[in-house]
Amino acid sequence: MRELLRLPVGEPVDLSAYGASSILPGAPADKSAGVAATAATAPALAGLQERLYAASTAGDHRRLLLVLQGMDTSGKGGTVKHVIGFLNPSGCRIRAFKAPTEEERGHPFLWRVERALPSAGEIGIFDRSHYEDVLIARVRDFAPREEIERRYEEINRFEASLVDDGVTVVKVFLHLSYEEQRARLLERLDNPDKHWKFNPGDIEDRALWPAYRRAYEIAMERCASDGAPWYVVPADRKWYRNWAIGTLLREHLEELDPRYPKADFDVAECRRTLLAS
């Protein structure tokens, strides 16, 4: 899946060339098969996560960071619920980035991100991330253009430092269509139980869709590397989104191949002592 979904590094990005629902790279035969395949991935993900955490107790400092970006309603929260939900929460560090607080605005933009990074053996999940500072800041003119240009370079240096420090960085763009976003927003409006998830500003942001799409294209073009590439996941079909991201996580964890540490004590002697107690 990594090869099928990964954006080429160093090439221009045109999101109109990628399907949000009609083209589903590597997909199972249908929704039913996709849901079953996602569920079948759960034991492997949980086992790999346990091995990663166990390895950290013996000094393995590796960890994984999943960055989720996408338009409103693209499924960032849904991914956390339906994919990360397979994992042991004690080994996960989930952070949803919203508008900066007054304290956060008093620091460089990466300050709050650095504080949310996973520790050794953990899987970190960012629901939005440091990319908001070159996305909404660009579209809404929240920062001078010269400052935004500097931020791309800061992000590249930051992510390179993470990779050098043993972090596997998995950056996912949830590619949602304009039409599907309308349907999902209408679903929230039509269901009183989902009004809390609706923000009238989401309608205003739809008018800026072309500007947001271009901001994403620039960010993915400027901030992609072999060590921290971008993956474009079609997000109109939730079952495919869940299956694709679960598969991406499994592939990256399998490549890490974390191992349970060997006992640093006499197992046989401990067993004899325990049986005699």
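Let's start at C270, which is partly exposed, with a relative accessible area of 40%; here buried means under 20% relative accessible area, exposed over 50%, and partly exposed in between, using a 1.4 Å probe and protein chains only. This is a predicted model, where local features need pLDDT of at least 70 and side-chain atom pairs count only at pLDDT 80 or more, while totals for chains, interfaces and linings use all residues. Residues are numbered from 1 along each chain as its sequence is written, and side-chain values use heavy atoms, with hydrogens and water left out.

C223, by contrast, is buried, at a relative accessible area of 0%. Searching the whole structure turns up zero disulfides, a disulfide being a pair of cysteine sulfur atoms within 2.5 Å.

Now for the interior. A nonpolar core is a set of buried Ala, Val, Leu, Ile, Met, Phe, Trp, Tyr and Cys residues joined through side-chain atoms within 4.5 Å. The largest one has 39 residues, and F126, Y131 and M220 touch the most other members. Its biggest contributor is α10, with seven residues. Setting aside neighbours within four places in sequence, M220 is in contact (heavy atoms within 4.5 Å) with L7, V13, L15, F173 and W230.

W230 leads us to β5, where five of five residues are buried. Strands are DSSP runs of E, at least two residues long, and helices are runs of H or I of at least four, numbered from the N terminus. W230, V232 and P234 point one way from β5, Y231 and V233 the other. Next to consider is pairing, which takes at least two DSSP bridges between two strands: β4 and β5 pair in the parallel sense over five bridges, with L174 bridging to V233 in β5.
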